[in-house]
Amino acid sequence: MITVCRIEELPPGESLRITDGVPAPIAVFNADGTIYAVDDTCTHQDASLADGWLEGCFVECPLHTALFDLRTGMPTCAPAKTPVRTHQVSVENGHILLHISVGEPA
Ligand code: FES
């Protein structure tokens, strides 16, 4: 389990890219008060989803505008065809926690 940040450091509509302590970068989003975490790298090419545009519980890739559902990781339009992995998150004692083990394969 990894402490991402304090909840007030990720206000609604914002995202963070986590690289420390994880096997591959993970993007964490605050979508209107609900926290989601998915693999940061788009499954189409090498773009950071944390740099994308958040629309409700969807993120639009900044490179070719594929749209991913943060609840499932599924792409909802081309050019991405493969889902991104989702990761469990929780908020405890004012901190966002990412439930991923350090040894988990990328
Ligand atoms: S890199 Fe994300 S849609 Fe192409």
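How far apart are the mean positions of the positive and negative charges of the chain? They are 6 Å apart, with 5 positive and 14 negative charges counted. Lys and Arg count as positive and Asp and Glu as negative, while His and the chain ends are not counted. Each charge is placed at NZ of Lys, CZ of Arg, CG of Asp or CD of Glu.

This is a predicted model, in which local features need pLDDT of at least 70 and side-chain atom pairs count only at pLDDT 80 or more, while totals for chains, interfaces and linings use all residues. Residues are numbered from 1 along each chain as its sequence is written, and side-chain values use heavy atoms, leaving out hydrogens and water.

**View 1**
The chain has nine strands and zero helices. Strands (E, at least two residues) and helices (H or I, at least four) are DSSP runs, numbered from the N terminus. The C-alpha trace spans about 40 × 30 × 20 Å along its principal axes. The radius of gyration is 13 Å, which agrees with the value near 13 Å for a compact globule of 106 residues. That radius is taken over C-alpha atoms, and the globule rule is 2.2 Å times the number of residues to the power 0.38.

**View 1. Surface and contacts of the chain.**
The accessible surface comes to about 5600 Å². Carbon and sulfur atoms hold 50% of that surface. Areas come from the Shrake-Rupley method with a 1.4 Å probe; for residues, only the protein chains shown count as cover. Of the 106 residues, 41% count as buried. Buried means under 20% relative accessible area, exposed over 50%, and partly exposed in between (1.4 Å probe, protein chains only). Among contacts with a separation of 6 or more, 37% join residues 24 or more positions apart. A contact means heavy atoms within 4.5 Å.

**View 2. The annotated span.**
UniProt, in an unreviewed entry, places "domain: Rieske" at residues 2-98. UniProt positions follow the numbering used here, feature names are shortened, and annotations may be inferred rather than shown by experiment. The end C-alpha atoms of residues 2-98 lie 5 Å apart. The span is 42% strand and 0% helix.

**View 3. Cys 5 in strand β1.**
Cys 5 sits in β1, residues 2-6. Cys 5 counts as buried because its relative accessible area is 9%. Leaving aside residues up to four places away in sequence, Cys 5 touches Leu 10, Leu 16, Gly 94, His 95 and Ile 96. Ser 90 is 85 residues from Cys 5 in sequence, and their C-alpha atoms are 11 Å apart.

**View 4. The loop between β7 and β8.**
This loop, between β7 (67-69) and β8 (86-92), holds Pro 79. A cis peptide bond joins Ala 78 and Pro 79, with omega about 10 degrees. Thr 82 is in the loop between β7 and β8 too. Thr 82 is partly exposed, at 44% relative accessible area. Beyond residues up to four places away in sequence, Thr 82 touches Thr 43, Phe 68 and Pro 75.

Most residues other than glycine have a negative phi. Asp 32 has a positive phi, near 55 degrees. Asp 32 lies in the loop between β3 (26-31) and β4 (34-39), and is exposed at 66% relative accessibility. Asn 93 has a positive phi near 50 degrees. Asn 93 lies in the loop between β8 and β9 (95-99), and is exposed at 74%.
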